[in-house]
Amino acid sequence: MKKWSIVCLIVLLLGVLTACGGSGGKETAADANSKGGDMEKIVIKFSHVTAAESVKGKAAQKFADLAAEKTGGKVKVEVYPSSQLYGDKEELDALVSGNVHMIAPSVTKMVKLDPRWQYVDMPFLFRDREHSLKFFESDLAKQLMSSEQLVGNDIMGLAFWENGFKQFTNNKKPLKTPADFKGLKFRAQAGKVLEGQFKALGAGSATIPFGESYAALQQGTVDGQENTFNNIDTQKYQEVQKYMTVSNHGRIDYGIFVNKPFWDGMPEEIRTKVEEALKEATEYEWKLALEDNDKSFENLKKSGKMQITELTDAERAELEKALQPVYEEFKSVITPELIDGIKNLK
């Protein structure tokens with residue numbers, strides 16, 4: 001072979017290797033924006049389990065719209081509601097692996113990585129809604145969102161979205177005193193704290209998926225459940241429950257979590273704009289959650305299908321006292337620093 005042909009062959013091979021070699025691995029968000037020319041869109045896959053019409057679903061779409069607007073279309077948030085990609089049990093693993101970039105689970109799902117997330121199930125920990133919002137913006141919350149347990153699994157928490165306070169419903173009798181709970185069986189989310197809560201009241205509990213709860217109540221598999229006004233209303237529990245107690249004893253809230261390597265890989269100026277969009281979407285979600293819970297409470301009252309009991313201060317104090325064993329059992333697990341820190345927020 002002639003010398004000139006050999007040189008040409010070497011140049012050709014080097015060109016192929018350069019074209020193929022690149023990063024040598026999976027493209028990051030930064031890679032997608034460093035190619036020059038027409039900048040490619042960064043796609044953020046956002047998976048959640050509720051309907052697109054839910055408060056969470058509306059806020060997720062608001063975030064997507066704001067992110068596109070603030071970045072001039074450089075970022076596209078693909079929202080997948082109603083467990084289209086992953087359900088409750090799979091979405092956390094999907095986030096860790098990078099198959100999705102953002103999720104918005106009930107914070108109790110994070111107990112798998114850090115037992116402190118059970119704080120949300122502690123009875124009467126939060127005085128009122130303002131107290132819970134103060135926690136969302138506190139240093140305590142920021143520390144929880146950036147804990148070693150999360151970061152070590154390539155996860156970072158960015159924001160809290162609220163659902164609201166939980167109320168008790170049942171099909172047997174009005175619940176005013178701790179003694180009224182004795183012998184009843186309640187549907188509950190998974191978690192040792194909730195098991196301990198019902199045990200302290202002399203009641204039983206069963207872990208039943210959210211989507212199967214209506215049938216369990218209708219068939220008498222359980223006598224009652226606990227949930228927010230909006231969930232009770234939209235799930236039509238008033239059709240299968242005769243009594244509701246406005247107790248505000250616990251909360252259901254969501255966390256916005258992202259895949260940390262993906263998030264950190266975005267160019268800083270883009271990431272800043274996306275985080276601005278998330279902040280605005282979060283404020284929108286808080287407002288929407290409050291409005292929807294208030295509307296749902298009115299809907300439940302107007303339906304006339306349930307007898308509604310609103311606890312007096314004395315009755316609430318009696319119930320709170322009966323649930324103190326839950327603190328004795330779980331305070332060391334959730335840590336005194338977090339429990340006391342939340343209690344002392346002003």
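Colleague: What makes strand E1 (residues 42-47) and strand E2 (residues 75-80) a pair of strands?

Modeller: In this predicted model, E1 and E2 run parallel and are joined by 6 bridges. Pairing requires at least two bridges, so the two strands qualify as a pair.

Colleague: Are lysine 76 and glutamate 78 buried or exposed, or do they fall in between?

Modeller: They fall in between: lysine 76 has a relative accessible area of 40%, and glutamate 78 has 21%. Buried would mean under 20% and exposed over 50%, so both residues are classed as partly exposed.

Colleague: What makes lysine 70 and glutamate 280 a salt bridge, and which parts of the chain does the pair tie together?

Modeller: Lysine 70 belongs to helix H3 and glutamate 280 to helix H12 (residues 268-303), so the contact ties together parts 210 residues apart in sequence. Lysine 70, at 25% relative accessibility, is partly exposed, and glutamate 280, at 34%, is also partly exposed. The whole structure contains 16 salt bridges.

Colleague: How do you know whether the pair formed by aspartate 253 and arginine 251 is buried or exposed?

Modeller: Aspartate 253 has a relative accessible area of 1%, and arginine 251 has 2%. Each value is under 20%, so both residues count as buried. Their closest N and O atoms are 2.7 Å apart, which makes the pair a salt bridge. Arg251 and Asp253 are linked with Arg129 and Glu162 in a network of salt bridges.

Colleague: What makes strand E8 (residues 224-227) a strand covered on both faces?

Modeller: In a regular strand, side chains alternate between the two faces of the sheet. On one side of E8 lie Gly224 and Glu226, on the other Gln225 and Asn227, and all of these are buried. E8 is also paired with two strands: 4 bridges join it to strand E5 (residues 167-170) in an antiparallel arrangement, and 2 bridges join it to E6 in a parallel one. Phenylalanine 168 has glutamate 226 as its bridge partner, while arginine 187 stands opposite glutamine 225.

Colleague: Why is leucine 300 called buried, and which residues does it contact?

Modeller: The relative accessible area of leucine 300 is 0%, which is under 20%, so leucine 300 is buried. This residue is found in helix H12. Neighbours within four places in sequence aside, its contacts are Phe229, Ile232, Asp233, Gln238, Met244, Met306 and Ile308. Its C-alpha atom is separated by 9.3 Å from that of lysine 236, 64 residues away along the chain.

Colleague: What makes a group of residues a nonpolar core, and how many residues has the largest one here?

Modeller: The members must be buried residues of the nonpolar set, such as Met, Phe, Trp and Tyr, joined through side-chain atoms within 4.5 Å. The largest such core has 49 residues, and Trp117, Tyr119, Met122, Phe135, Phe160 and Phe257 have the most contacts inside it. Elements that each supply at least two of its residues include helix H5 (129-136), strand E4 (155-165) and helix H14 (324-334). A second, separate core has 27 residues, among them Ala104, Tyr254, Met266 and Val274.

Colleague: Which residues does methionine 122 contact beyond its neighbours in sequence?

Modeller: With neighbours within four places set aside, methionine 122 contacts Val193, His249, Val326, Tyr327, Phe330, Ile334 and Ile339. Across the protein, 74% of contacts between residues at least 6 apart in sequence join residues at least 24 apart.

Terms used:
Residues numbered from 1 in each chain as written. Predicted model: local features only at pLDDT ≥ 70, side-chain atom pairs only at ≥ 80, totals over all residues. Heavy atoms only, no water. Buried < 20%, exposed > 50% of the residue type's maximum accessible area, 1.4 Å probe, protein only. Contact = heavy atoms within 4.5 Å. Salt bridge = Lys/Arg side-chain N within 4 Å of Asp/Glu carboxyl O.
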